Amino acid sequence: MEPNRSYTLPKLPYDYSALAPSISEEQLRIHHTKHHQGYVNGANAIYEKLDKTRKDGGDIDQKATLKELSFHVGGFLLHALYWENMAPAGHGGGVPKGALGSRIEKEFGSFDRFKKEFTATANSVEGSGWAALTYCQKTGRLLLMQIEKHNVHVFPSFSVLMVVDVWEHAYYIDYKNDRAKYLENFWNIINWDAVNSRLEKALKG
Ligand code: MN
């Protein structure tokens with residue numbers, strides 16, 4: 001079936017209260033229904049504008065439009081990945097197994113070393129952005145990606161395995177300005193099965 005040419009806010013794979021105490025119900029609800037929805041609306045509005053302008057034969061300010069579109073599409077896609085790489089409290093965290101566990105050890109030396117590097121990546125994002133664990137098809141490497149906003153410093157075609165949102169809107173209700181504390185608690189709700197599935201899919205090409 002052909003997609004309908006616009007985005008829809010995906011449902012969370014758990015209840016709004018499921019990630020507490022790492023992420024509270026209020027924090028998660030606002031993040032999903034206001035911020036994520038905002039990127040859905042932002043991208044869809046640009047798509048509609050493109051359709052209309054092309055139909056009317058008008059000019060498109062490509063530079064401004066594509067910059068804005070990249071921001072909203074990046075925001076939409078990253079949030080969808082973020083929700084799915086977390087699991088309800090008590091079902092997440094720990095240490096990854098399977099292909100992911102062994103690849104992390106091969107690439108970083110140990111899980112602890114990976115954890116330290118990923119956390120440092122997330123903690124040092126300047127302003128708003130994301131940390132991501134990715135897989136490069138060309139080299140077979142696991143690589144960290146530090147994304148500014150939703151779209152700056154993204155390596156094209158890398159498979160994104162796991163992301164953490166470090167925009168203040170992701171943690172401010174629960175942690176105020178303490179990003180480090182939010183990240184510490186993020187490790188307790190990572191859905192390693194979901195991250196491992198993404199890697200296995202990427203390994204199959
Ligand atoms: Mn966010």
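Me: How many aromatic pairs does the structure hold?

Reply: There are 20 aromatic pairs in it. Before we go on, this is a predicted model, where local features need pLDDT of at least 70 and side-chain atom pairs count only at pLDDT 80 or more, while totals for chains, interfaces and linings use all residues. Residues are numbered from 1 along each chain as its sequence is written, and side-chain values use heavy atoms, with hydrogens and water left out.

Me: What makes F111 and W187 an aromatic pair, and which kind is it?

Reply: Their ring centres are 6.1 Å apart and the planes sit at 85 degrees. Rings of Phe, Tyr and Trp (its six-membered ring) pair if their centres lie within 6.5 Å; planes under 30 degrees apart are stacked, over 60 edge-to-face, and the rest tilted. The distance is within the limit and the angle is over 60, so this one goes down as edge-to-face.

Me: Why do we say that the F111 and W187 pair ties parts of the chain together?

Reply: F111 is in helix α4 (residues 111–123), whereas W187 is in the loop between α6 (179–186) and α7 (192–203), so the contact joins parts 76 residues apart in sequence. Helices (H or I, at least four residues) and strands (E, at least two) are DSSP runs, numbered from the N terminus.

Me: How do you know whether F111 is buried or exposed?

Reply: Its relative accessibility is 12%. Buried means under 20% relative accessible area, exposed over 50%, and partly exposed in between (1.4 Å probe, protein chains only). At 12%, F111 therefore counts as buried. W187 is buried as well, at 6%.

Me: Which kind of aromatic pair do F111 and W192 form?

Reply: F111 and W192 are edge-to-face, with 5.8 Å from centre to centre and 80 degrees between the planes. With F111 in helix α4 and W192 in helix α7, the pair ties together parts 81 residues apart in sequence. F111 and W192 are both buried.

Me: Which residues do the ring pairs link into a cluster?

Reply: The cluster is made of F108, F111, F114, F118, F186, W187 and W192.

Me: On to the metal: what makes a residue a donor of the manganese ion here?

Reply: Donors are N, O and S atoms within 2.8 Å of the metal (3.2 Å for Na, K and Ca); water is not among the atoms, so sites may look incomplete. The protein donors are H31 (NE2), H79 (NE2), D165 (OD) and H169 (NE2), at 1.9 to 2.1 Å from the ion, so they fall within the 2.8 Å limit. Along the sequence they are spaced H-x47-H-x85-D-x3-H. Within that set, H31 in helix α1 (residues 25–56) and D165 in strand β3 (residues 159–165) link distant parts of the chain, 134 residues apart.

Me: Why are H31 and D165 called buried?

Reply: H31 has a relative accessible area of 2%, and D165 has 0%. Both values fall below the cut-off, so both residues are buried.

Me: How do you know that strand β1 is mostly covered?

Reply: In β1 (residues 129–136), eight of its eight residues are buried. G129, A131, L133 and Y135 point one way, W130, A132, T134 and C136 point the other way, and all are buried.

Me: What makes β1 and β2 paired strands?

Reply: Two strands pair if DSSP finds at least two bridges between them. β1 and β2 (residues 141–148) run antiparallel and have eight bridges, so they qualify. Within this pairing, L133 has L144 as its bridge partner, and T134 stands opposite L143. The two strands form a hairpin with four residues between them, and G140 in the turn has a positive phi of about 70 degrees.

Me: How many bridges pair β1 with β3?

Reply: Six, again in the antiparallel sense. Here L133 stands opposite M162 of β3.

Me: Where does T121 lie, and is it buried or exposed?

Reply: T121 is in helix α4. Its relative accessible area is 12%, so it is buried. T121 and A131 are 10 residues apart in sequence, and 6.0 Å apart in space, C-alpha to C-alpha.
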